[in-house]
Amino acid sequence: MKPFVLNVALAAMVMSCASSTASRAAWEPVRPVEFIVPAGTGGGADQMARTIQGIVTKHNLMKQPLVVINKAGGAGGEGFLDVKTSANNPHKIIITLSNLFTTPLATGIPFNWKDLTPVAMLALDEFVLWVNAEKPYSSVKDYVEAAKKAPSGTFKMGGTGSKQEDQIITVGIEKAIDAKFTYIPYKGGGEVAVQLVGNHVDSTVNNPIEAVAQWRGGKLRPLCVFDAQPMAYDEPIADGKAWKDIPTCKSQGLAMEYLMLRGIFMSPKATKDQVEYYVELFKKVRATPEWQEFMKSGAFNTTFLTGADYAKWIEAEEKRHESLMKEAGFLASN
Amino acid sequence: MEELANLFHGFAVALQPYNIMLMVIGITLGVLIGVLPGLGGANGVAILLPLTFSMPPTSAIIMLSCIYWGALFGGAITSILFNIPGEPWSVATTFDGYPMAQQGKPGEALTAAFTSSFVGALFAVVMITLVAPLVAGFALRFGPAEKFAVYFLAFCSFVGLSKEPPFKTIAAMMIGFALAAVGLDSITGQLRLTFGITELLNGFDFLIAVIGLFGIGEILLTMEEGLAFRGGKASINLRVVLQTWRELPAYWMTSLRSCLIGCWMGVTPAGATPASFMSYGIAKRLARRGNNFGKGEIEGVIAPETAAHAAGTAALLPMLSLGVPGSPTAAVLLGGLLIWGLQPGPMLFVEQKEFVWGLIASMYLGNLVGLIVVLTCVPIFAAILRVPFGIIAPLILVLCAIGAYSVHNSTFDVMLMLVFGVIGYLLKKCNYPLAPLVLAIVLGDKAEEAFRQSLLGSQGSLGVFFSNGLVSTIMALGLVALFWSAIQEGYSRLRTSMA
């Protein structure tokens with residue numbers, strides 16, 4: 001009997017030592033983690049952040065609560081500056097959209113993505129060219145012809161925000177087909193889609209999730225997707241057509257590609273352990289059925305990048321935004 | 001008839017004990033959220049949203065929408081008792097509600113507010129039940145020009161009716177516009193009037209301004225007037241509810257008008273705030289005792305509350321049928337729908353019948369439950385006014401500070417609130433009306449945005465505001481409202497010269 005008890009006790013001691021060294025090596029949050037959304041409530045980034053929060057809570061993926069906080073001021077500048085000034089605070093992460101690049105370039109606020117610590121790319125959001133289903137043009141070719149025929153500046157493109165992704169794509173289309181649009185900025189993507197249904201604008205470049213309901217309701221028609229290859233989802237949405245059946249714009253003679261980053265960054269000066277913790281966390285989030293359902297409903301491009309690959313991708317994308325915005329004349333004057 | 005069958009099925013869903021329990025919890029939480037200025041319905045719903053992910057979608061939306069009703073009810077409480085509107089749409093309620101409370105009639109004011117809220121909501125729900133598809137189509141006709149026309153009407157119906165000289169009203173409104181311009185210009189994407197100060201990136205939040213101008217300003221005034229809180233002799237007795245109820249039917253005309261204004265504003269979607277202001281303005285113009293508005297007239301409480309609640313409820317219709325939120329809270333609920341895997345839009349009514357009708361049924365029941373909960377609490381709320389000022393004032397100050405902080409989790413906002421408090425005190429001393437200033441802060445940037453979107457679309461031609469029957473009618477109404485006193489005077493002069 002005795003040796004057995006001793007053995008068990010020894011084993012328990014060894015085990016506890018092992019586990020304590022393990023927990024010392026891997027970092028874990030010790031207080032609630034703030035999850036900053038540099039955009040308003042109800043938008044695409046906000047929805048994603050709240051979905052993640054729901055998944056983390058439901059599957060108990062974190063010991064500390066994850067708290068979503070919207071800091072939308074100055075096209076998200078408020079949120080970025082908040083994280084930038086929180087160096088050495090590993091309890092703060094931020095979800096980004098393209099305003100990671102566009103906001104500092106357009107407004108001149110003192111911020112660059114290099115001020116933050118990159119964690120992971122969660123997904124890329126697609127952009128689709130939409131027109132009202134009542135309109136006669138059913139292909140990109142018809143659309144381009146109609147846009148070119150309209151007197152300069154009378155063809156209206158609706159989009160979310162000013163000097164941000166939607167307007168960058170609009171400028172890209174103008175260049176590609178040599179026509180002049182009037183870009184009208186609205187506050188949110190859902191509003192933009194409805195303005196198109198009401199024929200107050202002629203076309204939009206809404207994200208799939210913003211316009212899918214109107215597509216299914218037979219009010220809007222997708223013409224092409226601004227990606228290098230068609231989207232992956234083959235479940236029929238409307239009229240027996242699936243996301244997969246939407247051709248790429250390039251294949252239809254409209255040479256413009258654009259994808260929007262849905263990525264995670266954390267505060268400056270984070271250690272390797274801390275970054276690793278969040279990377280593992282998001283790997284777990286991505287494995288849940290809720291996340292996959294969410295990806296499908298928004299027809300997201302599910303590329304996942306971390307570490308050096310992620311940083312390299314951001315760097316290339318930053319250069320591209322800089323040149324796109326410079327060409328369009330969107331850079332801040334100072 | 002199919003709708004009716006669906007609705008009864010919806011009642012069956014909503015009446016499950018689990019859902020009724022969620023309703024009561026939701027309403028109670030909502031009232032608390034509404035009472036705390038700053039922690040508005042949108043924030044409250046956003047904070048509680050993740051909790052609902054493990055519930056079935058119908059139960060989740062029932063609970064969240066009940067929080068929303070609760071917040072709508074709760075916003076009236078602090079407006080009436082302390083002159084601190086907890087929500088933008090309760091600002092107009094303070095104009096007559098607070099004077100009533102000071103005259104020792106807080107019970108009457110609260111009862112009138114709660115009951116009218118219920119009436120407004122009920123009217124809107126009936127409208128949603130009967131004519132949802134029709135009304136949803138109407139909302140599609142609202143482009144930027146039509147939206148601007150609605151805001152224009154809201155401003156105009158306000159300028160002429162102030163007791164103060166119109167130029168003081170306009171001056172106050174202009175200060176509001178200037179404050180609303182701070183932050184990001186959403187049309188050009190440039191920062192305006194921030195002078196490189198990071199805290200100003202977000203502009204001046206309406207709530208901070210209101211908590212300061214009304215709440216802190218009021219405390220400063222009361223201190224000057226000798227630390228007396230004038231609601232002391234408030235009767236605290238449930239009978240006051242019945243007494244007020246006997247009075248209310250006399251104002252059916254105001255109620256009906258406010259219901260219609262509210263539904264219209266909610267659907268378009270301009271929201272509950274312009275609805276409450278517009279309804280108050282029009283009631284003041286048309287009511288028999290209109291001149292007495294602002295001195296504690298019960299009709300001045302009925303009009304804005306009815307319209308605000310009707311609009312708040314009607315705002316859910318465009319959210320469900322078009323996917324466009326009619327209010328910030330509706331925007332958060334919309335996010336919730338997507339997370340639960342429900343796609344708002346034209347197909348929701350077809351594909352998710354149980355969910356949609358369960359929600360509509362819960363609007364009926366939730367408002368009823370809400371009314372019962374808040375009415376039984378009227379004596380308790382009214383009794384708060386019996387607490388000596390020396391005790392209650394610090395509590396209000398703390399409440400205001402927490403409220404201001406919780407808007408953006410920023411201590412800068414608390415400082416800002418104090419500054420606004422001093423400004424509010426000075427403006428009151430100089431007899432400048434605060435309401436137009438607040439109205440301009442709330443609607444200023446939205447009006448500007450709609451105006452510039454319209455002009456972008458029309459290549460700079462102002463003709464866009466008279467380009468179709470709908471927009472021309474609203475603009476003409478606005479102009480009539482603006483020059484109403486001049487028109488009236490001209491008319492009476494014409495009559496005397498004719499005679």
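How many residues does the contact take from chain B and from chain A? In this predicted model, the contact takes 44 residues from chain B and 44 residues from chain A. On the side of chain B that touches chain A, the elements giving two or more residues are helix 3 (41–48), strand 1 (183–185), strand 2 (190–192), helix 15 (328–339) and helix 21 (435–457) of chain B. Helix 15 of chain B gives the most to this side, with seven residues. By class, the side of chain B that touches chain A holds 24 nonpolar, 19 polar and one charged residues.

Chain A contains an open sheet of six strands in the order 2-1-3-12-4-13, with mixed pairing. Strand 2 (66–70) and strand 13 (305–306) of chain A stand at the edges; each has a single partner strand, so one side of each is left without a neighbour in the sheet. Strand 1 (residues 33–37) of chain A runs parallel to strand 2 of chain A and is joined to it by five bridges. A:F35 has A:V68, in strand 2 of chain A, as its bridge partner. Helix 2 (residues 44–58) of chain A packs on the sheet and touches strands including strand 3 (92–96), strand 4 (117–125) and strand 12 (260–266) of chain A. The direction of helix 2 of chain A makes about 165° with that of strand 2 of chain A.

Helix 7 (residues 189–197) and helix 8 (residues 208–216) of chain A have axes that come within 8 Å and cross at roughly 35°. The crossing of helix 7 and helix 8 of chain A is right-handed. Helix 7 of chain A contributes A:G189, A:G190, A:A193 and A:V197 to the contact, and helix 8 of chain A contributes A:E210, A:A211 and A:Q214. This contact has three nonpolar, three polar and one charged residues.

Methods
Residues are numbered from 1 along each chain as its sequence is written. Chains are lettered from A and ligands numbered from 1 in the order in which they are written. This is a predicted model: local features need pLDDT of at least 70, side-chain atom pairs count only at pLDDT 80 or more; totals for chains, interfaces and linings use all residues. Axes are lines fitted to C-alpha atoms, for helices over the stretch in contact, and angles run from 0 to 180 degrees between N-to-C directions. Helices (H or I, at least four residues) and strands (E, at least two) are DSSP runs, numbered from the N terminus. A crossing is left-handed if the near helix is turned anticlockwise from the far one by less than a right angle, and right-handed if clockwise. Two residues are in contact if their C-beta atoms, placed from the backbone, lie within 7 Å. Ala, Val, Leu, Ile, Met, Phe, Trp, Tyr, Cys and Pro count as nonpolar, Asp, Glu, Lys and Arg as charged, and the others, Gly among them, as polar. Two strands pair if DSSP finds at least two bridges between them.
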